[in-house]
Amino acid sequence: MVSIILSFIVLIAGYLVYGKLAEKAFSPDDRATPAVAINDGVDCVPMKPAKAFLVQLLNIAGTGPIFGALMGAQFGPVVFLWIVFGSILAGAVHDYMSGMISSRHEGSSIAELSGIYLGRGAKWVMRIFSVVLLVLVGTVFVTSPAALLARLTPSTLNITFWTAAILIYYVLATMMPVDKLIGRLYPIFGVILIVMALGILGSSMFSGKYTIPELTLHNLHPNGEAVWPFMFVTVACGAISGFHATQSPMVAKCITSEKQGRRIFYGAMISEAVIALVWAAAGVAFYGVTGGLTNALADMGQSGVVYEISTTMLGPIGGVLAVVGVVACPITSGDTAFRSARLILAEWTGLEQKSIKKRLIITLPLLAVGAVLTQLDFDVLWRHFSWSNQTLAMIALWVATAYLIRNGGRRWYSLLTALPATFMSAVSMTYILMAKEGFSLGATVAYPAGVVFAAACFGLYVFRLVQA
């Protein structure tokens with residue numbers, strides 16, 4: 001229990017200290033934000049800071065910090081270190097910079113920002129890459145809640161029914177003004193999500209039935225899967241996630257002051273790390289050993305494990321509350337995934353989005369592709385999403401680095417983004433070389449190649465920094 005308590009303390013200290021350093025690097029000022037300067041009534045709409053925070057939290061906290069944390073817990077308590085330090089040093093910095101740089105560019109997407117700071121070629125790559133990722137995310141966040149809802153409802157309401165229902169909701173959420181549906185539902189779901197996490201945490205720590213193991217650096221994965229690089233890709237949304245770089249610009253269109261950024265963007269990521277820690281700790285504590293967790297995941301899938309932990313730990317009423325949170329969590333990321341894809345395609349095609357007809361032109365094909373992808377195996381989708389996700393995070397951090405280099409006196413602060421960008425470069429390259437969905441190469445090839453690639457990226461950064 002000591003390790004988990006210390007983890008929470010370090011996360012809070014990270015927000016107060018390192019978050020302030022990231023804010024100093026960006027230097028927010030009093031210029032008009034897109035919500036004030038544009039205020040188009042659809043995407044650029046002013047929101048109160050508390051509501052903007054909850055929208056950001058629900059945007060980024062999909063199945064990642066729950067399912068990803070449970071799968072990451074198979075490695076043992078070493079996962080606590082990645083969640084805590086990955087979030088403070090990489091994930092929260094990534095989210096903050098993605099949102100704030102977007103705000104400085106009228107709410108532009110990460111694809112457009114890549115073009116501005118990394119060149120025209122990067123813009124085209126990121127346009128394609130981010131749209132593909134968002135469709136994968138949206139699809140993952142259809143299948144997982146549909147499976148859980150099917151488990152909780154009569155057999156006539158099967159996975160196909162719930163998949164169709166969620167897709168219909170996604171059409172509405174993708175098209176409607178951000179304050180009409182998302183802005184009203186998310187604060188409610190945010191409270192449910194927080195209460196659910198507190199309930200699971202309280203039961204894990206104080207019921208006397210479970211023991212949260214203390215930190216060890218040993219790899220406890222029962223199948224012997226290597227910590228490097230697989231743990232750093234398995235646990236994405238609870239530590240660092242490129243998906244967030246597509247979501248922060250959406251909320252950047254709604255903040256009314258740049259000085260709200262640290263609380264909203266950095267703070268939401270730290271909050272998501274707390275959720276990931278809760279579920280990682282609960283997964284190991286509930287099943288006793290990592291082998292038990294692995295067997296449960298194999299037998300019941302991620303949704304089944306969440307359902308069993310929730311209902312057993314919290315009883316019928318608390319279990320329903322927890323499951324509602326787990327259902328709402330992915331749905332409220334899936335809808336904004338498709339919404340972000342719509343905005344990127346609108347930038348790409350030049351179609352203005354005040355007209356409902358033009359929103360439909362983009363929205364309906366996107367959801368049709370998502371509907372087709374729901375027929376694929378969840379695990380296959382998750383593996384492709386995981387690598388794409390962390391690669392996008394790597395690119396977003398290099399975009400932020402280029403931004404800080406260009407902005408005069410702040411260029412040495414670019415180390416705050418360059419160091420995690422270098423780390424994620426190594427993760428991304430090593431993983432794709434070793435993974436089944438990649439090249440299936442051995443560690444003797446993948447490890448040196450990952451190091452060389454990361455070193456080359458950092459060397460190019462140093463060259464640009466010296467030239468600035």
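Modeller: Buried means under 20% relative accessible area, exposed means over 50%, and partly exposed lies in between, with a 1.4 Å probe and protein chains only. The structure is a predicted model, in which local features need pLDDT of at least 70 and side-chain atom pairs count only at pLDDT 80 or more, while totals for chains, interfaces and linings use all residues. Residues are numbered from 1 along each chain as its sequence is written, and side-chain values use heavy atoms, with hydrogens and water left out.

Colleague: What is the relative accessible area of Asn 39?

Modeller: Asn 39 is found in the loop between α2 and α3 (49–60), where helices are DSSP runs (H or I, at least four residues), numbered from the N terminus. Its phi is near 45°, a positive value in a residue other than glycine. Asn 39 counts as partly exposed because its relative accessible area is 42%.

Colleague: Which loop holds Ser 27?

Modeller: Ser 27 is not a glycine, although its phi is positive, at about 60°. Ser 27 counts as partly exposed, because its relative accessibility is 30%. The place of Ser 27 is the loop between α1 and α2 (34–37).

Colleague: Which residues does Ser 7 touch, not counting residues up to four places away in sequence?

Modeller: Ser 7 has its place in helix α1 (residues 2–26), and with a relative accessibility of 9% it counts as buried. Contact means heavy atoms within 4.5 Å. Once residues up to four places away in sequence are set aside, the residues that Ser 7 touches are Phe 80, Val 84 and Leu 277.

Colleague: How many residues of helix α4 (residues 64–72) are buried?

Modeller: The buried residues of α4 include Gly 64, Pro 65, Ile 66 and Phe 67, and Gly 68, Ala 69, Leu 70, Met 71 and Gly 72 are also among them. Helix α4 is largely enclosed by the rest of the structure, because the number of its nine residues that are buried is nine.

Colleague: Which residue does a cis peptide bond join to Pro 229?

Modeller: Pro 229 lies in helix α10, which spans residues 227–234 and has seven of its eight residues buried, so the helix is largely enclosed by the rest of the structure. The buried residues of α10 are Val 227, Pro 229, Phe 230, Met 231, Phe 232, Val 233 and Thr 234. The cis peptide bond has an omega of about 0°, and the residue that it joins to Pro 229 is Trp 228.

Colleague: With which side chain does the side chain of Ser 109 make a polar contact?

Modeller: Ser 109 lies in the loop between α5 (78–104) and α6 (110–118), and at 6% relative accessibility it counts as buried. Leaving aside neighbours within four places in sequence, Ser 109 is in contact with Pro 249, Ile 344 and Glu 347. A polar contact is a pair of N or O atoms within 3.5 Å, where within protein one must be able to donate a hydrogen and the other to accept it, and residues adjacent in sequence count only if both atoms are side-chain atoms. For the side chain of Ser 109, at 2.5 Å, the partner is the side chain of Glu 347.

Colleague: How far apart in space are Ser 109 and Ser 386, C-alpha to C-alpha?

Modeller: In sequence, Ser 109 and Ser 386 are 277 residues apart. In space, their C-alpha to C-alpha distance is 20 Å.

Colleague: With which side chain does the side chain of Glu 112 make a polar contact?

Modeller: Glu 112 is found in helix α6, and it counts as buried at 15% relative accessibility. Apart from neighbours within four places in sequence, Glu 112 is in contact with Lys 123, Arg 127 and Glu 347. The polar contact of its side chain, at 3.0 Å, is with the side chain of Arg 127.

Colleague: At roughly what angle do the axes of helix α7 (residues 120–152) and helix α8 (residues 159–175) cross?

Modeller: Axes are lines fitted to C-alpha atoms, for helices over the stretch in contact, and angles run from 0 to 180 degrees between N-to-C directions. The axes of α7 and α8 come within 8 Å and cross at roughly 135°.

Colleague: How far apart are the axes of helix α11 (residues 243–252) and helix α12 (residues 261–287)?

Modeller: Angles under 35 degrees count as roughly parallel, over 145 as roughly antiparallel, 65 to 115 as roughly perpendicular and the rest as oblique. Helices α11 and α12 pack at an angle of about 135°, and they are therefore oblique to each other. Their contact is made by His 244, Ser 248, Val 251 and Ala 252 of α11 and Ile 264, Phe 265, Met 269 and Glu 272 of α12. The distance between the two axes is 11 Å.

Notes: Helix = DSSP H or I, 4+ residues; strand = E, 2+ residues; numbered from the N terminus.
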